[in-house]
Structures are given as structure tokens and as C-alpha cells.
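Please open the model in your viewer and keep the sequence panel beside it. The stops below say what to select next and what is there.

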Amino acid sequence: MLDPKLFRGNLDELAAKLLKKKYVLDKVLIQRLEEQRKALQIETETLQNERNTTSKSIGKAKAAGEDIEPLKKQVGELGDKLNASKAVLIEVQDELQDILYSVPNLPDATVPEGNDEDANVEVLRWGTPATFDFEAKDHVELAEQGNHMDFQCAAKITGSRFSVMRGSMAGLHRALTQYMLNTHIGQHGYQEVYVPYIVNADSLFGTGQLPKFADDLFKLEGEQNYYLIPTAEVPITNLVRDEILDADTLPLKFTSHTPCFRSEAGSYGKDTKGMIRQHQFEKVELVQIVAASESEETLEQLTGHAEAILQALELPYRKVVLCGGDLSFASTKTYDLEVWLPGQNAYREISSCSNFLDFQARRLQARRRNPETNKPELVHTVNGSGLAVGRTLVAVIENYQQADGSVKVPAVLQPYMGNISEINF
RNA sequence: GGAGGGGUGGCAGAGUGGCUGAAUGCACCGGUCUUGAAAACCGACGUAGGUUUGUAGCUUACCCAGGGUUCGAAUCCCUGCCCCUCCGCCA
């Protein structure tokens with residue numbers, strides 16, 4: 001959430017910034033609610049104060065053996081007025097809070113204008129898409145050889161948008177995961193964490209998935225408000241919820257490999273074939289908790305950590321900066337990494353790296369103690385996929401395919417696969 | 001699943017329904033002392049919100065969470081969550 005003080009400042013300026021994100025702020029409503037809130041809050045707190053002091057005087061009067069009945073009557077009347085005032089105040093505050101929770105983060109000044117992904121701006125292209133002297137197959141065609149990917153079976157076991165992988169395909173998938181984790185731990189200085197795959201509503205609120213995006217989540221039946229994680233971002237970032245961190249512990253750099261579960265509501269008909277869009281997929285996530293002054297630089301670094309995986313796998317990719325209209329709710333700036341998929345003859349998203357500034361931290365009450373002022377201040381959170389494993393698998397087999405339908409194993413993965421150099425289906 | 005015990009400030013740990021936003025100790029911060037450090041001593045020391053030009057002042061809330069009793073709740077009652085101990089079961 002944004003700093004509530006912004007709602008009391010220059011609303012025109014705020015609305016203009018949000019418009020870049022295609023969010024229309026109801027300035028008139030907010031201004032009216034704010035005026036009411038201010039008046040009601042002052043009234044309520046004044047009454048509260050009177051009641052408290054009068055109540056205390058009852059105690060003293062009683063101790064002095066005086067008649068306390070008149071005082072009790074007076075407090076009773078005060079209480080009635082207080083309750084009435086408080087009830088209206090809570091209504092107004094709730095209304096303001098609903099707005100506050102649903103207003104997206106402000107886009108960074110460097111974010112390009114635009115409505116949708118077509119307006120995203122390419123900032124870098126790495127590698128050259130290979131040209132094949134045969135007709136390139138897509139990953140489904142390749143991996144269904146020998147049933148290495150089996151969507152029929154997955155549909156039987158569960159339903160659509162799930163996959164079964166067998167043999168060397170499952171092995172390649174696991175090798176990718178291990179390689180990514182080891183690289184981030186060993187080369188990039190992240191600490192591996194193992195986290196729950198089921199989280200409560202508070203955690204999802206903290207990172208911004210709730211209350212607005214409940215439809216994208218799998219909710220568990222039962223007494224508790226439990227959900228399957230849509231990304232490791234949720235449990236990892238919530239590690240610091242309600243914490244005041246010592247300044248010298250920052251930056252915190254976490255990586256974790258988890259499954260992710262997404263309902264994909266609203267994506268009917270999109271990527272229905274293959275492993276691109278699944279209800280369940282694996283991801284190696286990168287999360288950094290940093291001081292406010294660091295997050296801009298951290299986003300660049302963290303994106304570089306994700307890029308390093310693509311480069312080591314020698315997969316051609318491009319890096320785009322998302323335009324205002326394509327930027328997610330909580331993000332102030334996002335780089336998408338798009339890998340080249342010969343089977344689709346297109347670049348497809350494989351990683352999304354975002355700076356959230358204090359937007360998540362404020363919801364999480366995640367703070368650090370500023371060593372200069374000795375006061376708590378909100379941290380900044382930055383995260384990204386490093387990378388989405390399923391999609392990386394798709395990219396590897398499509399980019400490393402050979403004329404006979406076999407797939408070469410990227411050099412860096414070979415140690416993780418018993419040093420084989422090729423997968424024959 | 002059964003039976004008990006408990007959740008108080010960064011930590012430890014007091015707290016008869018009013019004078020307790022909370023004793024005390026430790027840690028942290030500032031200072032005195034010291035060549036420097038330690039020790040000792042002195043002082044400051046929770047978080048969030050409102051008001052205000054204000055890091056000044058005033059003010060509200062918060063002792064796991066949510067309800068309730070009461071003029072008044074950290075303290076009494078109810079519900080939930082979490083933790084601990086013992087028994088049972090179990091990967």
C-alpha cells in the first residue's frame with residue numbers, strides 16, 4: 001500500500017502518477033472521506049480523552065469516600081456520545097482503507113508510457129536465435145516422444161494444465177533446478193530457504209495478492225484461511241513481516257525452490273498446449289530485503305542474477321522494461337526476461353523482476369532500524385524469478401534440439417545429469 | 001486425538017480491576033571518567049496513528065487476536081490462534 005499521507009497531500013499529482021498505470025483515482029471521494037475522517041477522529045479522540053480522565057477521577061473519588069454516582073452518570077453519557085462518534089469514524093476509516101488497499105504502487109519515473117505489453121520497451125537482446133537446417137519442433141512434439149511429457153496422463157490424474165514428466169525429462173527439470181539454486185547460492189550470495197507451500201491470508205495480504213487477486217489463487221477447504229502459494233515470493237517476503245531488522249543484517253538475499261500454484265482464471269484459451277501455462281509449476285525465486293536507498297540498484301543486480309542463468313545456458317533472450325499499463329499492482333518497475341522459443345518463433349516471458357519500494361513492506365510492517373536516527377523505517381523489497389523452471393525446460397529442449405529429434409544437454413547441466421551430453425527419447 | 005501449562009517492550013521477567021504504557025535486569029544509544037578500552041557512574045530509551053509548518057507540544061490506540069463484563073481491563077469472562085509438557089498415533 002501507498003503511504004496514507006499521500007491521500008492528504010496533492011491528490012492531482014498522485015492521480016497523475018497513477019494514470020500512467022491506467023488507474024483512475026477517485027479524487028472527489030477521497031477528499032470527502034478524508035475531511036470526514038479528520039473531523040470524526042478529532043471528535044472521537046477528544047471524547048475518549050474526556051472519558052478516560054473522568055473514569056480516573058471516579059477511582060480517586062471512590063478512594064476519598066465521595067459519592068461517585070453523579071460522575072458515573074456523566075461518564076455514561078460521554079460513553080454514548082463516544083460510541084456514536086466512533087461508529088461513524090470506523091465506517092469512514094474502513095471505506096478509506098478499502099481504497100488504500102486497492103490503489104496500486106506508483107510507477108517509477110523511468111517506466112515508459114503505454115497500455116499493454118505492446119508498449120513494453122526492449123532494453124537488451126542477448127544471443128542470436130539459432131537457425132535450424134530442419135523444421136524446428138516445439139517442446140510438446142519433442143518431449144512427447146516416448147511419453148517424456150504426458151499431458152493425457154496428467155489430465156486423467158488431475159485435469160487440464162498439469163503435466164507428467166518421465167525419465168530424462170524429469171531429470172533435466174531437476175538438473176535445471178539444482179543448477180539455478182547452486183548458482184544463486186554460490187555465485188550470487190543468496191541464502192537458500194525452505195518455506196511452506198501453504199500460506200495464510202495475512203501473508204498474501206502482505207505481498208499484495210489479497211484482497212484484490214483472490215481469484216488467481218487456489219484456496220484450501222477447511223476452517224483456516226489457507227492458500228497454495230502462487231509464488232515463493234509470498235512465504236519468503238513474509239519472513240520479515242512484523243520485524244524490525246538491524247541495519248547491518250541488510251541486504252537479506254533469499255532464494256528458494258518451490259512449486260507455484262495458479263488458478264489461471266481468465267487465461268482460457270491461452271497457451272493451452274504444453275508446459276507454458278500450468279496450474280502447477282516450479283520456480284527458483286530470488287528475494288532481496290534492502291534499505292530504501294538501495295532498491296533501485298538492487299533491481300538491476302537481481303535481474304542480472306536471473307540473466308546469468310540464461311547466459312550460462314546459452315539461451316537467447318531479451319530484456320524488456322514493462323510499460324505503465326503492463327506493470328503489476330505492487331511493482332514500481334519491472335524487467336521481464338523473455339527467452340527465445342524456436343517452437344513458437346517468439347520471445348516468451350521466463351522471469352519477471354520487480355522493485356516494490358516500500359509498498360509491500362508497509363503492508364508487512366517490515367522495517368529496519370536506521371542506525372543514524374535509531375528509528376524504524378520501512379525496508380524495500382525486490383524480487384524476481386531466477387528462473388521459472390518449467391519454461392526454462394521448454395527453452396532448453398527447443399533451442400538444443402537436433403534434426404533427429406534428440407536434444408543436446410547444455411554444458412553447465414551435464415554434471416547434474418550424470419555427464420550425459422544428449423537426451424535421446 | 002486425550003490431559004495439563006503458558007503467550008507482557010529488542011531479550012529476560014514483575015504486575016492486588018483505577019495512581020501501570022507498564023517495575024526490575026540485560027542489550028542498545030548519549031555522556032562522565034580513561035592515553036585508549038573495560039568497569040563504574042549519570043542520562044535517554046517501545047510501536048502505530050491523529051493534530052500541527054514542525055524530529056516541539058498536545059492527544060488516541062496497542063501487554064497474541066477478536067468479542068464481552070465494567071464508570072474504568074495487561075488484570076475478570078468467552079472464542080480463536082500460537083507455543084510448551086505428558087500420553088497416544090504417525091512419515
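Which residue in β9 stands opposite Cys 260? Select Cys 260 and look across to Phe 281, which stands opposite it. This is a predicted model, in which local features need pLDDT of at least 70, side-chain atom pairs count only at pLDDT 80 or more, and totals for chains, interfaces and linings use all residues. Residues are numbered from 1 along each chain as its sequence is written, chains are lettered from A and ligands numbered from 1 in the order in which they are written, and side-chain values use heavy atoms, with hydrogens and water left out.

Next, select β8 (residues 252–261) and β9 (residues 280–290), antiparallel strands joined by 10 bridges; strands are DSSP runs of E of at least two residues, helices runs of H or I of at least four, both numbered from the N terminus, and two strands pair if DSSP finds at least two bridges between them.

Finally, move to helix α2 (residues 27–63), whose buried residues (under 20% relative accessible area, where exposed is over 50% and partly exposed in between, with a 1.4 Å probe and protein chains only) include Ile 30, Leu 33 and Glu 34. The buried residues of α2 pack against α1 (11–19) and α3 (69–102), and just after α2, Gly 65 takes a positive phi of about 75°.

Methods: Contact means heavy atoms within 4.5 Å.
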